[in-house]
Amino acid sequence: MKRVLLVIGFLFSMIFAGSGQRLVDFVNPFIGTGGHGHTYPAATLPFGMVQVGPDNGSQGWDWSSGYHYSDTVIAGFSHTHLSGTGVGDLSDISVLPMVGTPDTGRVTSNFSHKEERASPGFYGVKLRKFNVYAEMTASLRAAMHRYAFPATTNASIRFDLGFAINTDRTTESYWRKVDDSTFVGYRFSTGWAKIQKVYFAVRLSKPVKSTTVFVDKKQQETTENTGKDILAFLNFDTKSGEAIMMKVGISYADVEGAVESMNEIRTWDFNMAKRGASDLWERELRKVQISTDDKKVKQIFYTALYHTYLAPTIFSDRFGNYKGVKGEVYNGKMILTTSSLWDTFRAQNPLLTITQTEMVPSIVNSFLSFYDQYGYLPVWDLHFNETNTMTGYHAVPVVADAIMKNIRGFDYERAYKAMRKSVMQNIRGTEMYRNFGFVPADKMGQSVTITAEYAYDDWCMLQVAKKLKKYADTASLAKRATYWKNVFDPGTGFLRAKNTNGNFVTPFDPFAGGGPYTEGNAWQHSFFVPHDLEGLKNSYSTPDGLENKIDSLFTISSKQTGDTPPDVSGLWGQYAHGNEPSHHIAYIYAYLQKQWKSAEKVREIMTRFYDNKPDGLSGNEDCGQMSAWYVFSALGFYPVNPVSGEYVFGSPLVDQAVIVLPSGSTFQIKVLDNSKENVYIQSITLNGKPYSKSFISHHDILVGGILTIRMGARPNKLFGAQIADVPKSMSLSK
């Protein structure tokens, strides 16, 4: 029956597409590669282990993915990349097709964006220096390259196992010739992730004429080599336009796994492999189909949806093997890594519970495997290394969200044990947080952000404790969920730093970044109480204090003082859409019975801070979070408090949307009278019945149906204005 429903859903999606144009044609992988987006244009599959694409060889923050649109040269094509992170790493197994005599000098080629192409599952570029056109596509764990060389006796494919970006450094590498067409090896490195191990296997469509290998800049005559930095040249004679194909498989466990990965690609027909990758992307993108006459909106939307499928990434090979926390090999069914949880718990992970429900158990089980090996759930896991980057213990809301939405495929009791261990830990300021009821600023930096985020994570844990009847924990968790109040100053309306003596730190500058705030200032961090916005409202000295504060956020000067990082970007007043702490703020008005204010702010953010150009993201993509905000908001709603199971209405950009649900049924969104001027919700019906709430539940979406939203140019201030129609808050009894 389920298969029948899936077929029906897919057929419906094909009918809905109408024009027959493929959705992959609207995806522009170059969006976010400029500005501070930090995305890559590499070829990959949804959640794929391999992301094969260009590296410029430049160092710096805006090259965190290895590539930036402003650059003019390419140093190689590596097989692993990070999507939109604020720290650079990976770029493993760098290869470069070239013409010339092999040596140890630095090699790059100039290129033109006019001769560069990228689409889901494909990347291609002309290397002008060598007159070589390089193309690549990918399976889940392998890449396929096609290089069109000129006529020459000096063609080669250069493997640079010492290539590294930013923090990363090779610690050991290995190269072995198996035969004239097959090579294997590994690259071990350290960087942001301290223990990285990547094994690879290479097979060529044409035997090499010879090989030239340098180990730590000394030429070697042996077919098997170990050292720190290895350069290996695979040399050929080529005819004009001759295409040499190459398959590269990787594994994070061993060479045998890499060989098995390489065998994922069973053809030497590059176009067939490329088409297979494109078709797989088309299938995944069709889980959400939108209708709009605005082509630009469609390009931004489908590129955003594409970006939400780039992380986390598969970490276990086809045998199920992967590198564990301490470098040893473990076995698991489907292990994923690259968990940017400070960012993604807000919207990226909640979106996956709708669009990639079948992936959620694997994500949670990967967290639990990490817990088994490390002792805690991950904070920011990169290749099963705890980078301890950012604040909070935000694996907790991700696991809690899955449990509260009744997603199966993992052990709830085991998950609760791991969550409990993480919230009861005595590291990262948690002991001070429990002892003082806040993290003291004279004991630890980022104290205000940490306090507020721990309070939210504890509330998430509380919901699971109630559901699983762990009543021995509920009282303490409920108390800790209120600890944000201990750093709220009703005199200023800000969350402020306190010292161990209980006094607020002075002097106080709400425009100053750093110090007690993570990547931001008091303006951006004083609204992070997503579980108790009613409590936040009641903490102000006047009934309209919170509303006035948010109004001021958008109208006050955008000046920044103190230690403000470049992450604080996409500014509208002090609202900073380029970084995650601001992402939920525009939706808070709905909790204040002023949904119409959310509508006008959200519509403006979508049009002001997203574009279909390389600099079309206002800040780091952060493994899908920046894009997930757009996907949700363009559809018309957003998970302000992900674990509540409620999505707050904003102002939909699309005219119509169909979400194909895990059951195979559909949830349809019809937006009537939508236009650039008509940004305000006038009325809503759900399955034909009037609907007055300013939010919709996950359950209502999941059972399928039709949501009809009528828009207008003037606010309907009565919509969502009753207390019974606002989203849940910890302090609000309805």
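## Serine 65 and its polar contacts

A polar atom of the serine 65 side chain lies 3.0 Å from the backbone oxygen of threonine 39, and one also lies 3.2 Å from the backbone oxygen of tyrosine 67. A polar contact here is a pair of N or O atoms within 3.5 Å; within protein, one must be able to donate a hydrogen and the other to accept it, and residues adjacent in sequence count only if both atoms are side-chain atoms. This is a predicted model, in which local features need pLDDT of at least 70 and side-chain atom pairs count only at pLDDT 80 or more, while totals for chains, interfaces and linings use all residues. Residues are numbered from 1 along each chain as its sequence is written, and side-chain values use heavy atoms, with hydrogens and water left out.

Serine 65 sits in the loop between β1 (53-55) and β2 (73-74); strands (E, at least two residues) and helices (H or I, at least four) are DSSP runs, numbered from the N terminus. Is serine 65 buried or exposed? Serine 65 counts as buried because its relative accessibility is 0%, where buried means under 20% relative accessible area, exposed over 50%, and partly exposed in between (1.4 Å probe, protein chains only). Setting aside residues up to four places away in sequence, serine 65 touches His38, Thr39, Tyr40, Asp55, His81, Leu82, Ser91 and Ile165, with contact meaning heavy atoms within 4.5 Å.

## An exposed aspartate

Apart from neighbours within four places in sequence, aspartate 563 is in contact with Gly513 and Gly514. From aspartate 563 to isoleucine 696 there are 133 residues in sequence and 39 Å in space, C-alpha to C-alpha.

## Aromatic rings and charges

Rings of Phe, Tyr and Trp (its six-membered ring) pair if their centres lie within 6.5 Å; planes under 30 degrees apart count as stacked, over 60 as edge-to-face and the rest as tilted. By this rule there are 54 aromatic pairs. In one of them, the rings of tryptophan 281 and tyrosine 306 have centres 4.6 Å apart and planes at 45°, so the pair is tilted. This pair links distant parts of the chain, 25 residues apart: tryptophan 281 belongs to helix α3 (residues 270-285) and tyrosine 306 to helix α4 (residues 295-307). Both tryptophan 281 and tyrosine 306 are buried.

One aromatic cluster is formed by Tyr252, Phe315, Tyr322, Tyr330, Phe370, Tyr374, Tyr376 and Phe384. Charges meet rings too: the charged end of lysine 559 sits over the ring of phenylalanine 511, 4.5 Å from its centre, and lysine 498 lies over the face of phenylalanine 438, at 5.8 Å from the ring centre. A charge sits over a ring if NZ of Lys or CZ of Arg is within 6 Å of the ring centre and within 35 degrees of the ring normal.

## Strands and pairing

Six strands make an open sheet with mixed pairing, in the order β19-β35-β36-β40-β37-β38; two strands pair if DSSP finds at least two bridges between them. β19 (288-291) and β38 (689-691) are the edge strands, each pairing on one side only. Strands β35 (residues 656-660) and β36 (residues 666-672) run antiparallel and are joined by five bridges. Isoleucine 659 stands opposite phenylalanine 667 in β36.

Elsewhere, strand β11 (residues 169-179) pairs with β16 in the antiparallel sense over four bridges. The bridge partner of tryptophan 175 is asparagine 225 in β16. Strand β16 (residues 224-227) has a covered face, Asn225 and Gly227, and an uncovered one, Glu224 and Thr226.
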